[in-house]
Every structure is written in structure tokens, then in C-alpha cells.
Amino acid sequence: MARTRPDITVPDLSGKLAVVTGGSDGVGLGLARRLAAAGAEVVLPVRNPRKGAAAVAGILEEFPKAVVSLRDLDLSSLDSVAALGETLRAEDRPIHILVNNAGVMTPPERQTTADGFELQFGTNHLGHFALVAHLLPLLHAGRARVTSQISIAANQHAINWDDPNWERSYDGRRAYSQSKIALGLFGLELDRRSRAEGWGITSNLSHPGVAPTNLLAARPELGRARDTTARRVITTLSRHGILVGTTETALLPALLAATSPDARGARLYGPSGPGHLGGAPAEQPLYSRLRTDPDAPRLWRLSESLTHTPFPS
């Protein structure tokens with residue numbers, strides 16, 4: 001008997017403007033496709049225009065009436081993040097959905113962003129932190145839902161407070177965990193501050209479980225010439241329906257968090273199967289690393305200082 005693939009019903013999003021980072025392939029592209037299919041106008045800020053154009057063409061081929069457009073964004077450059085913010089503010093259209101989805105994972109050797117930050121911390125967290133700061137007026141105007149995509153890695157290791165840019169020593173997996181813990185703490189603190197300051201933004205978290213996405217695929221620019229062993233194993237398990245999810249099911253927690261009327265702020269959504277590796281999306285307890293109350297405001301202050309993008313106080 002064929003297995004029933006998990007899915008959710010997405011409400012009508014006509015008249016909504018959605019922005020999805022990392023939308024040119026994988027989970028991000030799947031999210032963009034589902035949002036467009038539900039009637040949202042979708043903006044894809046991308047680093048690679050060729051991949052972005054192919055993503056838009058694929059969505060329009062399936063949904064000819066969809067409204068999807070590209071903008072330039074390199075999350076590893078704060079100048080690029082600021083430029084996108086300026087562009088979208090000039091367009092002056094309220095944003096109703098923002099999914100902070102883009103990310104990089106475990107380059108074998110330490111790499112840095114254009115601004116000198118460790119690549120994973122700078123891209124996965126600081127870039128998204130600065131993006132939300134620059135888009136805050138549009139998010140406020142749209143009473144936006146902001147969903148930040150973390151990882152099961154955020155339930156491991158810790159913030160390296162003494163050396164957040166891993167200059168004295170580098171461990172790719174620990175640095176990746178730090179970047180996702182940081183993004184999670186940011187998402188929770190964003191919701192708390194929005195309620196306190198009246199920003200009108202609801203911020204929550206999602207994680208995709210484990211699926212054969214491109215995060216562990218060959219990435220020559222990251223110093224990875226071939227797919228990792230982990231990705232090959234995950235691909236095999238996914239193909240046989242064992243424990244882990246697929247690219248199609250991995251997007252569902254973020255889709256639920258970003259669109260469901262029942263999804264709440266300061267909550268985490270992920271797969272509900274064994275080990276939360278795959279399965280239908282559902283609310284889950286916050287990871288222990290995200291329940292340390294002093295860490296979220298501390299991380300917020302550090303991020304403002306590093307990025308020079310303060311939020312209103």
C-alpha cells in the first residue's frame with residue numbers, strides 16, 4: 001500500500017506579499033511555489049540571478065497566473081542586505097510574510113563573509129537579523145508573520161560567546177549549531193519585542209527535520225567538491241521512506257508556521273515523526289538552548305553591535 005505523504009491546507013493568500021530568502025532551490029523554492037499557488041505575490045531575494053530566473057520560470061510554468069519576482073541579495077554582505085532593504089522600502093509595499101530560510105552549512109574550512117564574520121554565523125543569523133531591521137517598517141505595515149528556519153542542530157552545542165566568529169579555533173558543526181541557535185533566539189526575541197513595542201509582528205520558528213536538501217550537497221564555493229556522506233545516506237533513507245523526510249515534506253513546518261491561522265508567535269514547528277526527523281508538521285517544545293532567557297537579549301545586543309543595524313528602542 002502506498003504511503004500517504006504529509007501535507008497541509010494553506011489558506012487563501014490573495015493580496016498578501018511574501019518574501020522568502022533562499023528561494024532559488026530546495027526547501028525555499030518549494031515554499032515559494034506553495035505560497036504562490038495560494039495566491040500570494042512572492043518576492044525572491046537571491047544571490048544567483050540565473051538560479052533565481054530558473055526558479056521563477058518553473059513556478060510560472062506550473063502556475064501561469066502567479067506573481068513572482070526577483071531581487072538581489074547576498075546575505076553574507078551587509079551592504080547587500082541594506083541595499084535590498086532600501087529597494088523594498090522605496091517600493092513601499094507592506095510585507096505580510098517573511099521566511100528567513102536561506103543558509104549555508106559546515107564548510108570544511110573556516111570562511112568569512114564580506115564583513116569578516118564567520119560565514120555561517122554571518123549568513124544564517126546576522127544577515128537575517130539585519131534584513132529584518134531594514135524591513136521593519138514594511139513588516140509593521142503588513143502586521144507580518146516572520147518565520148525563521150532553524151535546524152535540529154539548534155538542539156546541540158551552544159553560542160560561543162567568547163569567540164562568536166570562531167577566530168581562535170574552528171569547528172564547522174559547532175559553528176553551524178551556533179548560527180541556528182542564534183537565529184532561533186533572534187526569532188523569539190523579535191516576537192517578545194514586537195509585543196512590547198507594538199510592532200504588530202508575529203515571529204515564530206520552524207525546522208525542516210532531516211531531508212536530502214542542498215545544504216550538504218557539493219558546494220565548490222564552500223570547499224566541498226562532492227556530496228557529503230551524510231547527504232548520500234539521507235538521500236537513500238528518504239527514497240525508501242525510512243525516518244527522514246523529503247524536500248516536499250521538509251518545507252511543511254515553515255509553511256505551517258508562516259501561513260496557518262493557528263500558528264502562534266514564539267513557538268517552534270517541525271516534523272512530528274520519530275526523532276522529529278520527518279513526518280507531518282506540528283508544534284514542538286522549544287529546544288533547551290532557546291529557553292535560556294538571558295541569552296536572547298544578550299544575542300540581540302551583540303547582533304546590533306556587529307551589524308550596526310539597531311532596531312528602534
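**Salt bridges, helix packing and burial**

User: What makes Arg193 and Glu189 a salt bridge?

Analyst: In this predicted model, the closest N and O atoms of Arg193 and Glu189 are 2.9 Å apart. A salt bridge needs a side-chain nitrogen of Lys or Arg within 4 Å of a carboxyl oxygen of Asp or Glu. The value of 2.9 Å is within 4 Å, so Arg193 and Glu189 form a salt bridge. As a general point, side chains of opposite charge can pair when their charged atoms come close.

User: Where do Arg193 and Glu189 lie?

Analyst: Both are in helix H5, which covers residues 172-197.

User: Why is Glu189 called buried?

Analyst: The relative accessibility of Glu189 is 3%. Buried means under 20%, so Glu189 counts as buried.

User: How many salt bridges are in the whole structure?

Analyst: A search finds eleven. One of them joins Asp25 and Lys51, where the closest N and O atoms are 2.7 Å apart.

User: Why is Asp25 called partly exposed?

Analyst: Partly exposed covers values between the buried limit of 20% and the exposed limit of 50%. Asp25 has a relative accessibility of 25%, so Asp25 counts as partly exposed. Lys51 is treated by the same rule: with 28%, Lys51 is partly exposed as well.

User: What does Lys51 touch, not counting residues up to four places away in sequence?

Analyst: Lys51 touches Ser24 and Asp25. Lys51 and Ser24 are 27 residues apart in sequence, but 5.7 Å apart in space, C-alpha to C-alpha.

User: What makes Arg264 and Glu283 a salt bridge?

Analyst: Their closest N and O atoms are 3.2 Å apart. The cut-off is 4 Å, so the pair meets the definition. Arg264 and Glu283 also link distant parts of the chain, 19 residues apart. Arg264 is in the loop between H8 and E7, and Glu283 is in strand E8 (residues 281-284). Arg264 has a relative accessible area of 42% and is therefore partly exposed. For Glu283 the value is 40%, so Glu283 is partly exposed too. Elsewhere, salt bridges that share partners join Glu189, Arg192 and Arg193 into one network.

User: Why are H3 and H4 called roughly parallel?

Analyst: Helix H3 (residues 78-91) and helix H4 (residues 119-141) pack at an angle of about 20 degrees. Angles under 35 degrees count as roughly parallel, so H3 and H4 are roughly parallel to each other. Their axes are 9 Å apart, and the crossing is right-handed.

User: Which residues in H3 and H4 meet?

Analyst: Those in H3 include Leu78, Val81, Ala82, Leu84 and Leu88. Those in H4 include Leu126, Ala130, Leu131, Leu135 and Leu138. The residues of this contact divide into eleven nonpolar, three polar and one charged.

User: At what angle do H1 and H2 pack?

Analyst: The angle is about 35 degrees, and the axes are 10 Å apart. H1 passes H2 in a right-handed crossing. H1 contributes Leu29, Ala32, Arg33 and Ala36 to the contact, and H2 contributes Ala55, Ile59 and Glu62. These residues divide into five nonpolar, no polar and two charged.

User: Is Ser260 buried or exposed?

Analyst: Ser260 has a relative accessibility of 10%. The limit for buried is under 20%, so Ser260 counts as buried. Ser260 is in the loop between helix H8 (252-259) and strand E7 (268-271). Leaving aside its neighbours within four places in sequence, Ser260 is in contact with Arg145 and Leu255.

User: How many helices and strands does the protein chain have?

Analyst: The chain has nine helices and eight strands. Of its 313 residues, 56% are buried. Among contacts between residues at least 6 apart in sequence, 73% join residues at least 24 apart.

Conventions:
Residues numbered from 1 in each chain as written. Predicted model: local features only at pLDDT ≥ 70, side-chain atom pairs only at ≥ 80, totals over all residues. Heavy atoms only, no water. Helix = DSSP H or I, 4+ residues; strand = E, 2+ residues; numbered from the N terminus. Buried < 20%, exposed > 50% of the residue type's maximum accessible area, 1.4 Å probe, protein only. Contact = heavy atoms within 4.5 Å. Axes fitted to C-alpha atoms, helices over the stretch in contact; angles between N-to-C directions. Parallel < 35°, antiparallel > 145°, perpendicular 65-115°, else oblique. Left-handed = near helix turned anticlockwise from the far one by under 90°. Nonpolar A, V, L, I, M, F, W, Y, C, P; charged D, E, K, R; others polar.
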